[in-house]
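Hi,

Here is the structure I said I would pass on. Have a look at it first, and then read on for what turned up.

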Amino acid sequence: MTAVATAISAKAAHPPQSGARLLVSTLERLGVEVVFGYPGGAIMPVYDALTGSGLKHILVRHEQGAAFAADAYARSTGKVGVCMATSGPGATNLITGIANAMMDSVPMVCITGNVATHLMGTDAFQEIDILGVTLPLVKHSWVVRDPADVPAVIEEAFHVARSGRPGPVLVDLPKDVQVGMTSDDFGFHYPNAVAPLDHAAIAEAETLIRAAERPLIYIGGGVKIAGAVEALRAFAERTGIPTVSTLNALGSIRTDAPGFLGMLGMHGTRAANEAVQESDLLIVFGARFDDRATGKLNEFAPHAKVVHFDIDPAEINKLRAVHVPVVGDLKAGIEALTQRVAARPLAIEAWAGRCTDNARRNAFRYDAPGEGVYAPALLNELSRTAGDGFVAACDVGQHQMWVAQHCEFSRPEAHLTSGGLGAMGYGLPAGLGAKMASPAAHVVTVSGDGSFMMNIQELATLRRYGVALKIVLLDNSSLGLVRQWQELFFAENYSEVDLSDNPDFVAVAQAFGIEAFRIDRRDQVTDGIARLLAAPGPCLMHVLIDPKENVWPLVPPGKSNGEMMHDTRFDEGDMA
Ligand SMILES: Cc1ncc(C[n+]2csc(CCOP(=O)(O)OP(=O)(O)O)c2C)c(N)n1
């Protein structure tokens, strides 16, 4: 028995079962419906035990796809995503997906097979110390050494993945543990400890808010994770304090809500960044001061005091000195703050009015010249046409930033993006996971020609399971975001970003059995979107866009958010 046994609170005798069978029955008992995975030698007993179970296993075509799909499934449903792989190369292929979930606090249980315990540490065939390799990338990990421990470890794994600040965990199952028989079945029962509300800190927060002349709400992905979306909306509405959002929090406030200024940071809106720089109080809900959001840290919000609500004490004072920390459950904290602050109105009309005027004056424009497809306009039209059922699963690059800037979101689950890690290849498997989680939604993967190639094999998975994911492939024949940086910051030395020898993506998709068509003029956009959204099965719209188009505004690297570069075409009156 391992240390796990010390935490065991219940024990019951059963007919002997294998560790693999216990794994499957524990997953069933925990309500898992979908598992994304890929088999191999060291996990074959688990795959054997899957047959006839209540679990739906989705056979992806690359383990990275399994991890990304499980991640997006978790983001879409609020449940724990589950993926599995064999030892060695199967396990290492999960790693980018594990890191992705860690960076964005996504609850995920990753199950890997491993060589038998007596072979561990001998460089056996396909042996990797996956526990050691993933140590900095997971909330916690276990090697199970006794089949009787499987239920308790799996329950504990689910608990750790979703409790507190969620994140990925790893359970490594050596082959002898999978085939080993046991008649013990342990349950693991956790107390549901909730940190008490810190009323004194909330009272201090109220004092700072009342004293502030230019308060601003800065929201991060923690708002969604904490189920605090409604609480946040009520706070913003009832206090009238303007709001800015990180990439990961988009949708937590409706894009069209009064007082919402948009995303802050490197590709944030002018109104959001200027408000941050002018504010005298930042009320931060579940955000971590990521450098893409803050720009040059010591010039970020230079006049602002900070009230920081977060479930993770490690975030407090990590990057920015906090005047009032409120550690604990975000939803309860925001509700308590709302009660106090909304009881007496704040005198901030002039400030709030200035912020919204600025947003109106600097609103994005879609009247770019020319006949070619203008990606920002296409994405804006796409989200408006799809309406409240719209879900975007993004890849990484210019297209990702355009989605963040130009799509309208009414809920945070509608925007799935690799925020912290920025992993190309996320979009297609994430779209797969999200569409499986929400079959009725208009789930659209928005990808670039570079990113799409990183997990293009998952087209086969869409086809196999008839997942009606829609794909918008914005093809600029280059690694656009890198090309943009080379143009602006490396004296136009375009080093290794040319993808003009891309394959014929329509033909490729069709070869996978996916409906596909191409557009290259803006007068084809409306019909293209209609065709894409109406397609009964998976469908790809290949969109040729201008290889020279850039993302604006842009805070140059190392600069403060007050030093944005913008689209000079509008200054010169060149726009139609
Ligand atoms: C796995 C991975 N490798 C490299 C990068 C660095 N990177 C960021 S954006 C980008 C270009 C993306 O090109 P594409 O997918 O075509 O999108 P575009 O910027 O053209 O819209 C690269 C290479 C990354 N984010 N992820």
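**What turned up**

Let me begin with the second largest pocket, where β11 gives the most to the lining, with four residues. Keep in mind throughout that this is a predicted model. The pocket has a volume of about 620 Å³, and 29 residues line it. If you want to find its centre, look for Thr255, Phe260, Ala359, Ala363 and Phe364, the lining residues that lie nearest to that point. Besides β11 (260-263), the elements that give two or more residues to this lining are α12 (270-278), α15 (349-361), α16 (375-386) and α17 (398-406). By class, the lining comes out as 14 nonpolar, ten polar and five charged residues.

Now for the overall picture. The protein has 24 helices and 20 strands. Its radius of gyration is 25 Å, close to the 25 Å that the globule rule gives for 576 residues, so the protein is as compact as a globular protein of that length. The C-alpha trace spans about 75 × 65 × 40 Å along the principal axes. Buried residues account for 57% of the 576. Taking contacts between residues at least 6 apart in sequence, 76% join residues that are at least 24 apart.

On the inside, the largest nonpolar core holds 91 residues, and Tyr218, Phe235, Phe285 and Leu337 touch the most other members. There is also a second, separate core of 51 residues, with Tyr73, Ala74, Cys110 and Val443 among them. In soluble globular proteins, nonpolar side chains tend to be buried together.

Asn114 counts as buried because its relative accessible area is 2%, under the 20% cut-off. Beyond its close sequence neighbours, Asn114 is in contact with residues including Ala42, Ser87, Glu127, Asp172 and Lys175.

Most residues other than glycine have a negative phi, and most peptide bonds are trans. Ala491 is exposed at 72% relative accessibility, and Glu496 is exposed with a relative accessible area of 74%. Then there is a cis peptide bond between Trp552 and Pro553, with omega about -10°. You will find Pro553 in the loop between β20 (539-544) and α24 (568-571).

Cheers

Note on methods
Residues numbered from 1 in each chain as written. Predicted model: local features only at pLDDT ≥ 70, side-chain atom pairs only at ≥ 80, totals over all residues. Heavy atoms only, no water. 1 Å grid on protein atoms, 1.4 Å probe; cavity = no way out; pocket = protein on both sides within 12 Å on 5 of 7 lines; lining within 4 Å. Points joined across faces, edges and corners; volume = space filled by probe spheres on them. Nonpolar A, V, L, I, M, F, W, Y, C, P; charged D, E, K, R; others polar. Core = buried A, V, L, I, M, F, W, Y, C linked by side-chain atoms within 4.5 Å. Buried < 20%, exposed > 50% of the residue type's maximum accessible area, 1.4 Å probe, protein only. Rg over C-alpha atoms; globule rule 2.2 N^0.38 Å. Contact = heavy atoms within 4.5 Å. Lists of a residue's contacts leave out its neighbours within four places in sequence.
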